[in-house]
Amino acid sequence: MASVIVGYVPAPEGAAALSHARREAALFKDRLVIVNVRTTGRGLGHGHSHGEDASDELDSIAAELEAAGSDFMLIHPEGDYDPADEILAAAAVNDGRLIVVGLRHRTPVGKLILGSTAQRVLLEAPCPVLCVKAGQ
């Protein structure tokens, strides 16, 4: 079964990515695979204080998806991991048809120094990637 993979952070860009991924998965009757790429000090979470865990938000999201009868899976990477690696691995293992990532505004210097998870996913993904902005 094909899957829609979404990199989730407990922030507006994560909510936007999840919303789009849910619509895509429902439209094509795909499994929704949510990769919880919460703050690790690297990648998507760098510079944000989302806390160590998004478990309360994810519990609520899981309950909502279960109530709707959605086919979904949550992936919670542990330890010091690279968010792009986790998203790409999830796509490879779960027959990813589409990857959805949220974008946040970054300064040109921030892009140069910190790198970009979204950019790595775009360049290395084995399937199409949809990038969404919060509030759109």
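Mentor: In H5, the residues Thr117, Ala118 and Val121 are buried, where buried means under 20% relative accessible area with a 1.4 Å probe and protein chains only, exposed over 50%, and partly exposed in between. Helices (H or I, at least four residues) and strands (E, at least two) are DSSP runs, numbered from the N terminus.

Trainee: Where do the buried residues of H5 fall, seen down its axis?
Mentor: They fall within an arc of 100°, so they line one face of the helix. The arc is that of the directions from the helix axis to the C-beta atoms.

Trainee: And what do they pack against?
Mentor: The buried residues of H5 pack against H3, E4 and strand E5 (129–133), with contact meaning heavy atoms within 4.5 Å.

Trainee: Before we go on, what sort of model is this?
Mentor: It is a predicted model, in which local features need pLDDT of at least 70, side-chain atom pairs count only at pLDDT 80 or more, and totals for chains, interfaces and linings use all residues. Residues are numbered from 1 along each chain as its sequence is written, and side-chain values use heavy atoms, leaving out hydrogens and water.

Trainee: How many residues of E4 are buried?
Mentor: Six of its eight residues are buried, so E4 is largely enclosed by the rest of the structure.

Trainee: Which strands does E4 pair with?
Mentor: E4 runs parallel to strand E1 (residues 3–8), joined by four bridges, and parallel to E5, joined by five. Two strands pair if DSSP finds at least two bridges between them. Ile5 stands opposite Ile99 in E4, and Gly102 stands opposite Val132 in E5.

Trainee: Which residues touch the most other members of the largest nonpolar core?
Mentor: Of its 19 residues, these are Ile5, Val35, Ile87, Ile99, Val101 and Val121. A nonpolar core is a set of buried Ala, Val, Leu, Ile, Met, Phe, Trp, Tyr and Cys residues joined through side-chain atoms within 4.5 Å.

Trainee: Which elements supply it?
Mentor: Strand E2 (31–36), helix H3 (83–93), strand E4 (96–103) and helix H5 (117–124) each supply at least two residues. H3 gives the largest share, five residues.

Trainee: New topic: is Asp30 buried or exposed?
Mentor: Asp30 counts as buried because its relative accessibility is 10%. Asp30 lies in the loop between helix H1 (12–28) and E2. Not counting residues up to four places away in sequence, Asp30 touches Ala2, Ser3, Val4, Ala25, Asp71 and Arg97.
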